[in-house]
Amino acid sequence: MKKCLVILFVCLSSIGFAQEKYWQQEVSYTIDVALNDQAKTLKGSEQIVYKNNSPNTLDFIWFHIWPNAYKQESTALFQQLKNDTSRVKKMEKYSYGSIDGLNFKVDGKTALTEAHPNPQYIDIIKVKLATPLKPGASVNISTDFNVKLPSYFSRSGFADGEFMVCQWYPKPAVFDKDGWHEFPYLDMGEFYSEYASFKVNITLPSDYVVGATGVLQNADELNAYKTIGAKNAANRTGTPALYQPKDKGLKKLTYEINNVPDFAWFAAKNFVIQYDTAKLASGKTVDAFTYYHNKKETLWSNSIDYAKDAVKHYSKWIGEYEYPVVQVVEGPANNSSGGMEYPTITLITSPDAKKETLDAVIAHEVGHNWFMSMLGSNERKHTWLDEGLNSYFQFRYEAEKYRSNSLFGEGIPAQIKQLPEPEFSSRIYQVMGSIPMKSAIETPADKFSSSDEYGLISYVKTALWLHILESEVGREKMDKAFQHYFSLWKNKHPQPEDLKAAFEESLGVNLDAYFKLLNTEGSFK
């Protein structure tokens, strides 16, 4: 009898372990795309290998077809923009975008598709699998696609001769322990993506400079960017050297990278390129590029330093930057929305009126290589787990370098700026604590009443919440807690409970009461 009980206990333990074991899906893309810069369109095709690492058999796969969010006034994107008074200016003048030409095939056979039942969600499509995809099995999915790019008013599009090609290819939605996450594209509310490998071939006119996720495989083009970029980094006050194509006509550039959640690319003629390398504490060397508009007395002439500093600081504080390249792109001159991050590359659209401001926004967007890319949380459901954690480190970056803070700008008294950094930061957070912040931190992005509230809670209130813990345990232990979290969850999809468990394990304390603050409305008591 005792032996039977032991066997039963072992069996139950193994069943429980199987249920709790972490898993995530696996995706591999090969994409070919061509830009028609006159028509503002893309013509592409993709091959996807999708591996089902879940314990469930799948009969279908939800796909995001994000460009359709820009197609008509009835989409979730447009409804959100029109209901948010702080975003009305974006809607003064715009052109639509869309995606069509889809012809999904699964293992070479034409697949049936089905629209989402919500009529606002025309940027989501269900691809049915004729043969159920069992646990551990893979399937090959292919489709052509044509994209009409919108004018640039929400992440993707064109403006001022520049192309921002983001959320542009058909993309499987995330399937995790909570099921499918087939939510629509929104302007206020970001993304959640499966980790994937990418090989992307981009064909476009040869006189464009391109920055993209991953590593450029064309040796001649890469060497040209590095040579010109190094000259511009060394000579920042004279006339910059500009890229000159070897041949007229079209060129095809290939980019590759593994284990990232997304792929974006940017293109413009006459971008000024800067190039340098950032050497991390381990000895690893990271290629750093910035691409910016050719205008006189621009603070972007120092942008390469800001990109390198951000990578070094975040690597020291959280964990080493794992990618071979970091890139920063200046966005359209007529847009001042801030920035938008993608793996290994980020777009900055803030005015460059002050070096502290530009440095801070670059640090924040580069920081998303940690809190979005290497730590792939669900940004739509738990915005704070991405934006708030990142803002906590951005505020530290600004305080250490400049005794400044983006939230208060010129409003910080001179005597406060003279304080040692720890005291300066303490004063900054003390004032933050007096700002009315009604909503709870743990509010999904699409539930905020306005973009102002979204930003204040997801960014500022969360940073304040983290500072409260830092004040209790000390910065050194706080850093070790973050480093432990990073080591456990790098290249995975962490949830709030995973952050809590990692912090508790590192700090050796129970954080139940502290994490309950995430659901607290109003100011912290």
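**Aromatic pairs and salt bridges in a predicted model**

Guide: Both Tyr392 and Phe482 are buried, a term for a relative accessible area under 20%, with exposed meaning over 50% and partly exposed lying in between (1.4 Å probe, protein chains only). The model is predicted, so local features need pLDDT of at least 70 and side-chain atom pairs count only at pLDDT 80 or more, while totals for chains, interfaces and linings use all residues. Residues are numbered from 1 along each chain as its sequence is written, and side-chain values use heavy atoms, leaving out hydrogens and water.

Visitor: How many aromatic pairs does a search of the whole structure find?

Guide: The search finds 51. Rings of Phe, Tyr and Trp (its six-membered ring) pair if their centres lie within 6.5 Å; planes under 30 degrees apart count as stacked, over 60 as edge-to-face and the rest as tilted.

Visitor: Why is the pair of Tyr392 and Phe482 called stacked?

Guide: The ring centres are 5.8 Å apart and the planes stand at 20°, so the pair is stacked. Tyr392 belongs to helix H7 (residues 384-402) and Phe482 to helix H11 (residues 475-489), so the pair ties together parts 90 residues apart in sequence. Helices (H or I, at least four residues) and strands (E, at least two) are DSSP runs, numbered from the N terminus.

Visitor: What makes the pair of Trp465 and Phe515 edge-to-face?

Guide: Their ring centres lie 5.1 Å apart with the planes at 90°, so the pair counts as edge-to-face. Trp465 is in helix H10 (residues 451-473) and Phe515 in helix H13 (residues 512-516), so parts 50 residues apart in sequence are tied together.

Visitor: Why does Trp465 count as buried?

Guide: Because its relative accessibility is 0%, Trp465 counts as buried; Phe515, at 8%, is buried as well.

Visitor: How do you know that Lys401 and Asp359 form a salt bridge?

Guide: The term requires a side-chain nitrogen of Lys or Arg within 4 Å of a carboxyl oxygen of Asp or Glu. The closest N and O atoms of Lys401 and Asp359 are 2.7 Å apart, and the two residues form a salt bridge. This pair links distant parts of the chain, with Lys401 in helix H7 and Asp359 in helix H5, 42 residues apart.

Visitor: Is Lys401 called buried, partly exposed or exposed, and why?

Guide: Lys401 is partly exposed because its relative accessible area is 29%. Asp359, by contrast, has a relative accessible area of 0% and is therefore buried.
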